[in-house]
Amino acid sequence: MPPRIEGQLSDALIKGLSDPAIGIDRVGMVRVFNDEAGVALGIKPEDAIGRKVWEVVTVSELSRAFMAQIKDSNPVTVEQVMVFPNNRLFAVKVQAVRTDKGRNLGAVAVLRDMAGIQKIERGIDQIMSDLNRSISAPLTAIKGCVETLLEGAYNDRTITHRFLQMINDEANRLVRLVMTLERSLADESAHKLNKTKCRLEDLVRSVIDMFVKVAENHHVSLAVEFPENLPWVEVDRALLNKALVNLVDNAVRYTGINNQGQIVITLSQRERTVVIEVKDNGIGIPPEERERIFERFYRGSDEKVANLGGIGLGLPVAADIVKAHGGTIEVSSEEGQGSTFTVVLPIR
Ligand code: ADP
């Protein structure tokens with residue numbers, strides 16, 4: 001390939017890079033400076049090219065690294081995180097460019113924006129602190145109850161009964177947390193679905209059976225409606241069961257607060273999909289929270305939600321399972337009126 005074409009191709013390549021790239025010659029003059037470098041350093045490429053690198057690059061560490069590459073006889077590649085204007089962090093690699101015979105041609109630097117990595121780290125910090133809170137709240141409550149009982153409250157049967165009930169509730173909350181975490185870890189490690197042909201109405205009935213007693217205690221009625229000729233679907237029964245359990249569990253908990261609760265699960269066919277709707281007439285979800293409820297550890301801000309002691313993993317796990325089946329999950333809701341979670345699953 002003639003050198004002129006190579007030059008044009010590498011120019012296009014550098015221009016098209018989504019990361020900043022800078023190249024200088026052996027006297028320190030800027031020869032390559034793409035648009036991204038301009039954004040990172042706040043200077044237009046046309047104003048940078050042709051000038052000395054130390055005039056253009058205001059980040060002193062980068063300037064120094066460049067100088068070392070062109071001045072030292074045996075330069076060591078610099079790989080370092082540097083702070084750029086506006087506190088942006090970049091992972092920077094500055095390397096000398098030498099011909100095969102060792103002639104000094106200059107140096108190049110490629111930069112990688114660390115914003116994405118910082119965001120992930122912040123996300124992990126957030127998850128850890130949410131998890132910490134989810135564990136320490138019930139533990140503190142249990143410890144408080146036990147200490148009060150030990151200090152003598154156990155002499156009063158009514159108080160003892162109430163405290164034991166509280167301890168039981170908090171312990172159940174911890175058990176749910178551990179179970180949900182186990183499930184969510186298992187789901188993540190087992191990406192493969194074990195699909196079999198199944199009748200959704202049977203699956204839904206078995207989920208409802210699990211909740212009959214709980215629903216009774218919460219004064220909530222549970223019903224299922226489906227047409228006779230509903231097609232079979234190919235799903236991972238155990239996983240889909242888990243997703244539906246999470247939806248029905250929420251419906252029961254967030255509906256049982258208002259007496260006269262009603263939950264209806266409707267199955268229907270829509271073209272090549274089967275639609276499952278879990279409709280309740282519970283507390284509803286405020287519009288600003290509807291987008292966030294599928295995030296891990298997100299819990300509604302309503303005081304009633306806080307009192308019910310969930311951990312904010314039910315919906316994200318359900319959504320992961322539905323997605324793994326190639327389906328979608330959506331919510332529509334009206335505050336104080338109720339919510340409907342709609343799952344759409346492809347038949348095959
Ligand atoms: P958890 O129920 O443990 O808080 P989820 O991930 O299952 O966690 O749900 C997240 C949030 O979505 C809940 O905290 C609650 O605010 C809201 N939510 C979920 N289902 C319902 C429902 N059926 N009715 C009202 N709010 C709901």
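Let's start with a sheet: five strands line up in the order S7-S9-S10-S12-S11, making an open sheet with mixed pairing. Strand S7 (220–225) and strand S11 (328–334) sit at its edges with a single partner strand each, so one side of each has no neighbour in the sheet. On average, neighbouring strands here are turned by 15 degrees against each other, ignoring direction. Keep in mind that this is a predicted model.

**How the strands of this sheet pair up**

- A bit of background first: strands of a sheet pair through backbone hydrogen bonds, and they can do so parallel or antiparallel.
- Strand S10 (residues 273–280) and strand S12 (residues 338–346) run antiparallel, and eight bridges join them.
- S9 and S10 make a hairpin, with two residues between them.
- In the turn of that hairpin you'll find Glu271, which has a positive phi of about 50 degrees.

**Helices that pack on this sheet**

- Which strands does helix H8 touch? Helix H8 (residues 200–217) packs on the sheet and touches S7, strand S9 (261–270) and S10.
- The direction of H8 makes about 170 degrees with that of S7.
- Helix H9 (residues 237–253) packs on the sheet too, touching S7, S9, S10, S11 and S12.
- The direction of H9 makes about 25 degrees with that of S10.

**Another sheet to find**

- There is also an open sheet of five strands in the order S2-S1-S5-S4-S3, and its pairing is antiparallel.
- Its edge strands are strand S2 (30–33) and strand S3 (78–84), each of which pairs on one side only.
- From one strand to the next, the twist in this sheet averages 20 degrees.
- Strand S1 (residues 21–25) and strand S5 (residues 104–113) run antiparallel, joined by five bridges.

**The largest pocket**

- How much space lies in the largest pocket? It comes to about 1,200 Å³.
- The largest pocket is lined by 50 residues, and those nearest its centre are Arg176, Asp249, Arg253, Leu308 and Gly310.
- Several elements give two or more residues to this lining: helix H7 (157–189), H8, H9, helix H11 (303–308), helix H12 (314–324) and S12.
- H7 gives the most, with 10 residues.
- Sorted by class, the lining has 22 nonpolar, 16 polar and 12 charged residues.

**The chain as a whole**

- In total, the secondary structure of the protein chain comes to 12 helices and 12 strands.
- Why is the chain called more spread out than a compact globule? Its radius of gyration is 30 Å, well over the 20 Å that the globule rule gives for 348 residues, so the chain is more spread out than a compact globule.
- Taken along the principal axes, the C-alpha atoms fill a box of roughly 85 × 65 × 35 Å.

Conventions:
Residues are numbered from 1 along each chain as its sequence is written. This is a predicted model: local features need pLDDT of at least 70, side-chain atom pairs count only at pLDDT 80 or more; totals for chains, interfaces and linings use all residues. Side-chain values use heavy atoms; hydrogens and water are left out. Two strands pair if DSSP finds at least two bridges between them. Helices (H or I, at least four residues) and strands (E, at least two) are DSSP runs, numbered from the N terminus. Axes are lines fitted to C-alpha atoms, for helices over the stretch in contact, and angles run from 0 to 180 degrees between N-to-C directions. Contact means heavy atoms within 4.5 Å. On a 1 Å grid over the protein atoms alone, a cavity is a set of points where a 1.4 Å probe fits but cannot get out, and a pocket is an open set with protein on both sides within 12 Å along at least five of seven lines; lining residues have an atom within 4 Å of a point. Grid points are joined across faces, edges and corners, and a volume is the space filled by probe spheres set on the points. Ala, Val, Leu, Ile, Met, Phe, Trp, Tyr, Cys and Pro count as nonpolar, Asp, Glu, Lys and Arg as charged, and the others, Gly among them, as polar. The radius of gyration is taken over C-alpha atoms; the globule rule is 2.2 Å times the number of residues to the power 0.38.
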